[in-house]
Amino acid sequence: QVQLVESGGGLVQPGGSLRLSCAASGSIGKINIMGWYRQGPGKERDLVATITSSSSTNYADSVKGRFTSSRDNAKNTVYLQMNSLKPEDTAVYYCKLHMSWNGINWVDSWGQGTQVTVSS
């Protein structure tokens, strides 16, 4: 069983920065993709960024150039560095582990979420 714990959320002024962390524990498949999602008030949960086990990344257009995802495989931790934050970035941020042991059967696990509020 895999557990994901996010941290690093908080209140920040527009233009500020935050770094989110997602620490994974348990039996983690070597083939895995970590995803960051966010859900704003009254909105659906949207994909923000993904990072593969080889650190290949993809970003939503709304955060390109401002957010950067990285990972430390030795610590089973992924990070989301968020710069130039805007009020519209306000949301609960979740990490998701999409993993497989054989490339055929995949399992998803979600963290509990961390609140990010961008406001003056």
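This is a short talk about three serines, S100, S55 and S84, in a predicted model.

Hi everyone, thanks for coming. Please keep the structure open while I talk.

Let's begin with S100. You'll find S100 in strand 9, which covers residues 91–100. Is S100 buried or exposed? The relative accessibility of S100 comes out at 1%, and the cut-off for buried is under 20%, so S100 counts as buried. What does the side chain of S100 reach? It reaches the backbone oxygen of N105, at 2.8 Å. N105 also turns up among the residues that S100 touches, once we leave aside those up to four places away in sequence: G29, K30, I31, N105 and W106.

Now over to the loops, and to backbone angles. As a reminder, most residues other than glycine have a negative phi. With that in mind, have a look at S55. Its phi is positive, about 70°, although S55 is not a glycine. Where does S55 sit? S55 lies in the loop that runs between strand 5 (45–52) and strand 6 (57–59). Its relative accessible area is 39%, which makes S55 partly exposed.

My last stop is S84. Here, too, phi is positive in a residue other than glycine, with a value near 50°. How accessible is S84, and what does S84 count as? At 42% relative accessibility, S84 counts as partly exposed.

So, to recap: S100 is buried in the model, while S55 and S84 are partly exposed. Thanks, and I'm happy to chat about any of these.

How values were computed: Residues numbered from 1 in each chain as written. Predicted model: local features only at pLDDT ≥ 70, side-chain atom pairs only at ≥ 80, totals over all residues. Heavy atoms only, no water. Helix = DSSP H or I, 4+ residues; strand = E, 2+ residues; numbered from the N terminus. Buried < 20%, exposed > 50% of the residue type's maximum accessible area, 1.4 Å probe, protein only. Polar contact = N/O pair within 3.5 Å; in protein donor to acceptor, adjacent residues only side chain to side chain. Contact = heavy atoms within 4.5 Å.
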